[in-house]
Amino acid sequence: MARYGMVMDVSSCLGCRACMAACSQWNQTPFWAEDFEGKWRTRVTPLEEGKFPEVRKVFFPTICMHCENPPCHSVCPTGATYINKDGIVLIDYDLCLGCGYCIEACPYDARYEYEKEDLEKDEFYFGEDARHHQVHIDKCTFCVDRLEEGLEPSCAATCVGHARIFGDLDDPNSEAAKLVNSGKAKPLGEYMGAKPKVYYIK
């Protein structure tokens, strides 16, 4: 068993959004959606920091925080949202009603609805290789299928700036654990009590 997490080094994010493209290709997320910010498992949001004339642009990457105490889990009426043995928050699509309670409960805005129109587009673009076959709520899975093959999540594997550092937070030799244990990397919204396993270095 592991306790997987990720460290986002915001100062190393170039804003290229290769992570978004890699995630969308691997997981067949709805890149075709009209709202560019709407249906992504990972996002990179450009922000401005500072005051004129000392203003700079930063890029802020986000994904599901894979919380240890996830509000999305406690509100799910069917048990579709669950936590696997490695601490990854997942969704059983066969049990998901698409009710959206988890979308409302997530304090990090990490979930969206994979709608009927998205299923049709998925089949159009990927044909027999389409991976989504029913309406459901969708989110980051840390690419659990890649982990089973010994690979990193697609966003981390693609990141040219090494802004996404993935690893087992219980392995003191992993780079991610070292950054978290040093206190250099901090979780977002710690006061909310969800205990996210995605940490940030500013």
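Which side chain of opposite charge is nearest to Asp122, and how far away is it? The points below take this up first. Keep in mind that this is a predicted model.

1. **Asp122.** The nearest side chain of opposite charge is Arg131, 7.7 Å away. Asp122 is buried, yet it has no salt bridge. A salt bridge would need a Lys or Arg side-chain nitrogen within 4 Å of a carboxyl oxygen of Asp or Glu. Asp122 belongs to helix 4, residues 116–126.

2. **Who touches Asp122.** Set aside its neighbours within four places in sequence. The contacts of Asp122 are then Gln28, Trp32, Tyr114, Gly127, Ala130, Arg131 and His132.

3. **Helix 1.** Which residues of helix 1 are buried? They are Cys19, Met20, Ala22, Cys23, Ser24 and Asn27. Their cover includes strand 2, helix 6 (154–158) and strand 8 (164–168).

4. Phe31 sits in the loop between helix 1 (18–27) and strand 2 (43–51). Phe31 is partly exposed, with a relative accessible area of 35%. Patch residues must have over 30% relative accessible area, so Phe31 can count. Together with Phe124 and Tyr125, Phe31 makes a nonpolar surface patch of about 340 Å².

5. **Strands 2 and 3.** How do strand 2 and strand 3 (residues 54–62) pair, parallel or antiparallel? The pairing is antiparallel, over 9 bridges. A hairpin of 2 residues joins strand 2 to strand 3. For a pair to look up, take Glu48: its bridge partner in strand 3 is Lys57.

6. Another group of 4 strands forms an open sheet in the order 8-1-10-9, with mixed pairing. Strand 8 and strand 9 (186–187) stand at the edges. Each has a single partner strand, so one side of each is left without a neighbour in the sheet. Strands of a sheet pair through backbone hydrogen bonds, either parallel or antiparallel.

7. **Strands 1 and 10.** Strand 1 (residues 4–9) and strand 10 (residues 198–201) run parallel, joined by 4 bridges. Within this pair, Val7 stands opposite Tyr199 of strand 10.

Methods
Residues numbered from 1 in each chain as written. Predicted model: local features only at pLDDT ≥ 70, side-chain atom pairs only at ≥ 80, totals over all residues. Heavy atoms only, no water. Patch = residues over 30% accessible without salt bridge, like charges linked within 9 Å, V, L, I, M, F, W, Y side chains within 5 Å. Areas by Shrake-Rupley, 256 points an atom, 1.4 Å probe, with all protein chains shown as cover. Buried < 20%, exposed > 50% of the residue type's maximum accessible area, 1.4 Å probe, protein only. Lys, Arg positive; Asp, Glu negative; His and termini not counted. Contact = heavy atoms within 4.5 Å. Pairing = 2+ DSSP bridges.
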